[in-house]
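Here are a few notes from one colleague to another on how this model packs. Have a look at it first, and then we can go through the points.

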Amino acid sequence: MIVTLTANPSLDRTVALPGPLERGEVQRAVSVSQESGGKGVNVSRALVASGLETLAVLPGGDSDPVLAGLRDAKVPFAALAIHEPLRTNVALTEPGGVTTKINEPGPVLDEEAQEALIGLLLERAKGASWVVLAGSLPPGVPADFYATVTRRLRSADTGNSVPQIAVDSSGAPLAAAIAGDATGAVSGKPDLLKPNAEELAELAAAAGFASVSTAEELEADPEAAAAAAAAVVRSGVGAVLATLGSKGAVLVTADGAWLATHPPVTAVSTVGAGDSSLAGYLLAADQGAAPADCLRQAVAHGAAAASLPGSTVPAVHQTTPDAVTITALRKD
């Protein structure tokens, strides 16, 4: 089973526009859709769509629309009861897939609620193969929250084995995931990190990589992306799955580096494509696939998600892994 933690879940509303966004003008939407969201929730939704056992752990009141949406979508979840409503995020999509997102901050989680959420996760993660810590952190939660949760998972009795841990976040929480461990006794660094190109550039700089490139340069040069990801792996992270938008993705482990590309697709919405990529990787990893084949399914899932409206997630039968080309790369 794969357990996801979404500390700052949301109700994701997607508004499709008939043409380019015109600032300061009145525009009529072509369509409006909404899904229960947040990165971890999206991963669980994608895993459910492909028939894999998963559980989404999140805060939220019993009557909150986010939890109601999970029930409707038949996504198993365990929720920490809170009194404040969860946030609503809005994505404006233009023809061609250009997306503008407006994300609310979310309700404050105080120290007591943070500890209760960690306790809920530790209890429900027993026997899990993977735990995914994903998304932004709500107000009141320190940037090193995911590193703390990682150490707690590795120190806890979670069953016969310690689950592998994947982190997908941005900004300060992502930087904290590769920061030095305070005690040195139990590592707070994940087994898998999933940045996009912009986040990879920031991580490589934080890891002390001398040849830091911009996001655009990393997307255009997979060898540079692999070298940047390798610097993050050398910092103590198990593997880096870096999504490069329409250019595909690179995967770097201690043993190798690979690029995966997919033939161009007609982009409808890029909302949740990165989350679907992570779900595809985990789907393959849970079945014992080799790293390059996990990368293959990740890119197939991401491409399929980009071709679907709103934050719709693809099932595995909607993906085309056979169309993905894998190329071995140098990582140094």
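**Helix packing and cores**

1. Helices α9 (residues 273-286) and α10 (residues 291-306) have axes that come within 7 Å and cross at roughly 145°. Helices here are DSSP runs of H or I, at least four residues, numbered from the N terminus; axes are lines fitted to C-alpha atoms over the stretch in contact, with angles from 0 to 180 degrees between N-to-C directions.

2. A note on provenance: this is a predicted model, where local features need pLDDT of at least 70, side-chain atom pairs count only at pLDDT 80 or more, and totals for chains, interfaces and linings use all residues. Residues are numbered from 1 along each chain as its sequence is written, and side-chain values use heavy atoms, leaving out hydrogens and water.

3. On the α9 side, the residues meeting α10 include A273, G280, Y281 and L283; their partners in α10 include C294, L295, A298 and H301. Contact means heavy atoms within 4.5 Å.

4. Helix α1 (residues 39-49) also packs on α9, at about 50° with the axes 8 Å apart. Among the residues in contact are V43, A46 and L47 of α1 and L278, L282 and L283 of α9.

5. The largest nonpolar core has 65 residues (buried Ala, Val, Leu, Ile, Met, Phe, Trp, Tyr and Cys joined through side-chain atoms within 4.5 Å; buried means under 20% relative accessible area with a 1.4 Å probe, protein chains only). Helix α8 (residues 222-234) gives the most to this core, 10 residues. A second, separate core of 30 residues includes A46, W130, L283 and A298.

Methods
Buried < 20%, exposed > 50% of the residue type's maximum accessible area, 1.4 Å probe, protein only. Helix = DSSP H or I, 4+ residues; strand = E, 2+ residues; numbered from the N terminus.
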